[in-house]
Amino acid sequence: MAFQYQFDQQWKRTVYCGSICEAHCDKEVVINGWVRRRRDLGGLVFLEIWDHTGLVQVIFDPEASSEVFERTKELRSEYVLAIRGKVRRRPPGTENPKLATGMWEVEAKDFSLLSPATLPPFDMNEVDKVDENLRLRFRYLDLRRDRMQRNLRMRHNALLFTRNFFSAHGFIEVETPFLTKSTPEGARDYLVPSRVNKGHFYALPQSPQIFKQILMVAGFDRYVQIVKCFRDEDLRADRQPEFTQLDLEMSFITEDDVLALIEEYLAGLFWAILGIKLEVPFPRMTYAEAMRCFGSDKPDLRIPFEIVDLGEIFSKGSVGAFKDVLSRGGVVRGLPLPGGASLSRRELTEWETRAKDLGAGGLAHFQFKDGTLKGPLVKLIGEETRAALIRDAGLRDGDALFVLASDETAASKILGELRLELAEAYGHIDESRWAFLWVVDFPLFEWSEEEGRWTSVHHPFTAPKAEDLPLLESKPQLARSRAYDIVLNGIEIGGGSIRIHDPATQEKVFAALSLSPEEAKERFGFLLDALASGAPPHGGIALGLDRLTMLLSKNSSIREVIAFPKTQKAQCLLTGAPSPVDPRQLDELGIKVEAEPEEGAESEAAS
Ligand code: ASP
């Protein structure tokens, strides 16, 4: 009898489960893996054995060895085995075409039980239906599935391609510190107390922004890093407190160099990972156009309709409500919906209610059917206006047109959101497309009500457009930056900018941000000193690798491509982090905790 739990040379696999094929037919093999399923059938025992390459069926026949057959009785799902046996073709009619190895089975001669397993808390074959918190709590079981194995292996391949690509393009990877000073990305920092400098804290980096700029000043020319960044923000499906960026910086370049390099990189990545040829260059759109036509700074170009401006048409017409809004400086904008002429009255009312929920005063509609325009407002407008509406909104017979009048910001926001929801509801998103887009010419500043001052849209080191420099003092709201974002299928996957490389411009930007020279020196003095020491023109970008691999693998949550992610409450259900710590540790740090610890991850996991 094989000695239990021991693993020696004779039980080492000669072949992976998922690779069994014709070449092994009639040969003796040893496989190592987990029992995924056990079935007793008419005096025979069938085991499905899994390793990271796939599943194979193993059959135990009492006639081959009754002693071995007896021992199979103790086996259960997730036990770890080494099995020796002969590969044979499955009898006709018993093949499983859904399984890569489905033509074959291993006729077991002997096996060694390497490790028993506790009963899994869920059926390993139905994990997709299991509550996500349970999957995260038992992540080692969840990861023991083909889907999660595939996701993480795809991620590995993407990282490998990335490192090779940038190395071949003259970049070197430099590691920047995690225990550092607060960085300027505008989110909340994670703080780490210092024991040897009591009362002082490190901040975990929100990005390596300052270090990568300093590396350019230091003459490295091209820097890249696949790096963890930390932001203490409220979490959504596509956000994690710690996430991975592809971060890079280049010297003596302009926007076009960064954009062209990233296009070449993404085209290479999609070809290497998915065998898909992307069309480059990607389209570019200014921020102003993106907001006007799509009501978003990350338009989803897979949706075939956009917002149209109807101000001119309604400025002359007889719809009083629209004219009033226009005369107060507002806008009248419309959203055509292909096929929308067949929407019922109830559906139209539901969309109007939705628009109101989003903050609209109302939502008018027109339906263009059999050559005539219909809708409650039609009787108020003349033949000429009707024709102009059909023309300017690009309506085809069978379409609908929603119309909204309000101030410009609200109109963009509401119609932008409705565009996404209408497209989703009526199946207008072309899922087969990879719609990349560069959004450029972002505003440099945005007004912060909370802080009562202008703040950076990107970060304070982003260069203003040269022609907008005079606006920094006079009309900061109109100053545009040399920042760019890359968008894929309506999701922002990265952003960057050309940086300020001369101290004079940097001072002007700090002044516009109401940062006094003393404050600027206190927060970023070392960067200012570095910039003053001979800084090359430089710029860069950071891409979110979690989001990118999520999209590459067609997942809808980044948690599916992160081995050990946190929940929306920033908890790790596997380890129970964050957790209270030993009072001695706090003493050493000179920290007193006043708040009672809230319910932690462990209790969430237990519920
Ligand atoms: N540091 C920026 C960010 O993390 C990216 C960049 O400007 O390169 O968003």
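## Strand S4 and its neighbours

In this predicted model, strand S1 (residues 28-41) pairs with strand S4 in the antiparallel sense, and seven bridges hold the pairing. One spot to look at is Gly-33, whose bridge partner in S4 is Leu-81.

S4 also pairs with strand S5 (residues 104-115): the two run antiparallel, joined by 10 bridges. Leu-81 turns up again here, standing opposite Leu-113 in S5.

## How buried is S4?

S4 covers residues 80-89, and seven of its 10 residues are buried, so the rest of the structure largely encloses this strand.

## Helices H6 and H16

Now over to a helix pair. H6 spans residues 255-274 and H16 spans residues 545-552; their axes come within 12 Å and cross at roughly 45°. An angle under 35 degrees would count as roughly parallel, and 65 to 115 as roughly perpendicular, so H6 and H16 are oblique to each other. As for handedness, H6 passes H16 in a right-handed crossing.

What meets what between H6 and H16? On the H6 side, you have Tyr-265, Leu-266, Leu-269, Phe-270, Ile-273 and Leu-274, while H16 brings Leu-545, Leu-548 and Leu-552. Sorted by class, this contact of H6 with H16 comes out as nine nonpolar residues, with no polar and no charged ones.

Note on methods:
Residues are numbered from 1 along each chain as its sequence is written. This is a predicted model: local features need pLDDT of at least 70, side-chain atom pairs count only at pLDDT 80 or more; totals for chains, interfaces and linings use all residues. Side-chain values use heavy atoms; hydrogens and water are left out. Axes are lines fitted to C-alpha atoms, for helices over the stretch in contact, and angles run from 0 to 180 degrees between N-to-C directions. Helices (H or I, at least four residues) and strands (E, at least two) are DSSP runs, numbered from the N terminus. Angles under 35 degrees count as roughly parallel, over 145 as roughly antiparallel, 65 to 115 as roughly perpendicular and the rest as oblique. A crossing is left-handed if the near helix is turned anticlockwise from the far one by less than a right angle, and right-handed if clockwise. Contact means heavy atoms within 4.5 Å. Ala, Val, Leu, Ile, Met, Phe, Trp, Tyr, Cys and Pro count as nonpolar, Asp, Glu, Lys and Arg as charged, and the others, Gly among them, as polar. Buried means under 20% relative accessible area, exposed over 50%, partly exposed in between (1.4 Å probe, protein chains only). Two strands pair if DSSP finds at least two bridges between them.
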